[in-house]
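Here is a short briefing on one protein chain. Keep the sequence and the 3D view open as you read.

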Amino acid sequence: MNPNGQRPLTIKIKRRHKSNPITRKKNAAFLIIAVVILFSMIIFTPDAANTISREDGPVENLTTFIFLATAVTGIISTPKQTIGKKAIAAISAVSFLAFLSEISFGERLLELEMPHAGGKQLDGVHDLLHMLQKILIVNYKYHPNETSIVAIALLIASTGLAYKKRKQLGRLNSYLKKLKIRSLMISAIALAALSQLLDLNIIILRNGRLLEEALELAFSLCLALAVLKVKQINSGLPRNG
């Protein structure tokens with residue numbers, strides 16, 4: 001206090017936080033991936049695109065390796081984490097499921113006989129979507145009114161369920177934001193959805209197969225970066241004992 005008994009006037013100045021170098025590198029990496037994807041769609045001929053994006057090709061093999069590495073890293077590191085255990089466990093489970101889907105659940109490696117449904121062999125997660133798409137198309141062809149009613153009812157039910165679970169979704173949003181992986185998870189969902197729309201031929205583009213594989217690769221990178229981000233946050237926490 002000054003001699004007059006008044007508190008001195010203080011002015012707080014907010015310092016502008018500098019962006020994290022890791023965050024800058026991450027953003028730059030995704031920008032490079034996006035540019036490469038768009039550029040490849042323009043310059044590659046269909047034959048070249050098919051060679052790169054073929055089954056068991058270089059892009060798919062890299063994606064498969066990243067899925068496996070993410071799953072193994074997450075499973076090994078989960079017990080050691082102080083916060084974000086559930087997030088890492090969930091991401092590891094998704095990565096492992098994606099890895100199994102990429103290798104057709106071991107069909108070719110172990111010469112397994114995979115089940116069939118709806119005229120489609122089920123050797124990957126995306127085959128379930130193909131099966132549902134075929135069922136929808138066939139039913140709509142012969143029963144358009146009933147199929148439309150069922151589809152609308154399912155859409156309304158899904159919307160109602162999301163509204164009913166809005167508090168849980170809000171808590172999930174806050175949880176991911178706290179772990180600083182919310183944007184990565186949103187990106188992962190968007191990339192996975194776009195790749196499936198291409199796989200189902202709902203979106204048809206030149207070199208669409210290459211774009212689909214590139215989107216799956218970006219999806220795998222999102223999951224890997226999310227696990228590494230949570231591990232990074234935990235490494236900065238004080239250790240007990």
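Asparagine 201 is exposed, because its relative accessible area is 55% and exposed means over 50%. Asparagine 201 sits in the loop between H9 and H10. The model is a predicted one.

**Loops and positive phi**

- Phi of asparagine 201 is near 60°, a positive value in a residue other than glycine.
- Most residues other than glycine have a negative phi.
- Lysine 180 also has a positive phi, near 65°, and is not a glycine.
- Lysine 180 belongs to the loop between H8 and H9.
- Is lysine 180 buried or exposed? Its relative accessible area is 52%, so lysine 180 counts as exposed.

**The chain as a whole**

- The protein chain holds 10 helices and 2 strands.
- In order from the N terminus, the elements run α-α-α-α-α-β-β-α-α-α-α-α.
- The protein chain has 241 residues, and buried residues make up 31% of them.
- Take the contacts with a separation of 6 or more: residues 24 or more positions apart account for 66% of them.

**Serine 220 in helix H10**

- Where is serine 220? Serine 220 is in helix H10, which covers residues 208-235.
- Serine 220 has 0% relative accessibility, so it counts as buried.
- A polar atom of the serine 220 side chain lies 2.6 Å from the backbone oxygen of leucine 217.
- Which residues does serine 220 touch, not counting those up to four places away in sequence? They are Thr63, Ile66, Phe67 and Thr70.
- Serine 220 and phenylalanine 99 are 121 residues apart in sequence, yet their C-alpha atoms are 9.6 Å apart in space.

- Helix H3 spans residues 58-77, which is 20 residues.
- From its first C-alpha to its last, H3 reaches 28 Å, close to the 28 Å expected at 1.5 Å a residue.
- Threonine 64 lies in helix H3.
- Threonine 64 counts as buried because its relative accessibility is 10%, and the limit for buried is under 20%.
- Leaving aside neighbours within four places in sequence, threonine 64 is in contact with Phe99, Glu102 and Ile103.

**Helix H4**

- How many residues does H4 have? It has 18 residues, which should span 26 Å at 1.5 Å a residue.
- The end C-alpha atoms of H4 are 25 Å apart, which agrees with that span.
- Phe99 and Glu102, both contacts of threonine 64, are among the buried residues of H4.
- Other buried residues of H4 include Ala87, Ile88, Ile91 and Ser92.

**The largest pocket**

- Rolling a probe the size of a water molecule over the atoms shows where empty space is left.
- The largest pocket has a volume of about 1,100 Å³.
- Its lining has 41 residues.
- Which of them lie nearest the centre of the largest pocket? They are Val94, Ala98, Val125, Ala192 and Phe219.
- Ala98 is also a buried residue of H4.
- The lining of the largest pocket divides into 21 nonpolar, 7 polar and 13 charged residues.
- H3, H4, H6, H8, H9 and H10 each supply at least two residues of that lining.
- Which helix gives the most to the lining of the largest pocket? H9 does, with 10 residues.

**Alanine 190 in helix H9**

- Alanine 190 lies in helix H9.
- Alanine 190 has a relative accessible area of 39%, so it is partly exposed.
- The C-alpha atoms of alanine 190 and phenylalanine 219 are separated by 8.6 Å.
- Along the chain, alanine 190 and phenylalanine 219 are 29 residues apart.
- Phenylalanine 219 is one of the residues nearest the centre of the largest pocket.

How values were computed:
Residues numbered from 1 in each chain as written. Predicted model: local features only at pLDDT ≥ 70, side-chain atom pairs only at ≥ 80, totals over all residues. Heavy atoms only, no water. Helix = DSSP H or I, 4+ residues; strand = E, 2+ residues; numbered from the N terminus. Buried < 20%, exposed > 50% of the residue type's maximum accessible area, 1.4 Å probe, protein only. Polar contact = N/O pair within 3.5 Å; in protein donor to acceptor, adjacent residues only side chain to side chain. Contact = heavy atoms within 4.5 Å. Expected span 1.5 Å × (residues − 1). 1 Å grid on protein atoms, 1.4 Å probe; cavity = no way out; pocket = protein on both sides within 12 Å on 5 of 7 lines; lining within 4 Å. Points joined across faces, edges and corners; volume = space filled by probe spheres on them. Nonpolar A, V, L, I, M, F, W, Y, C, P; charged D, E, K, R; others polar.
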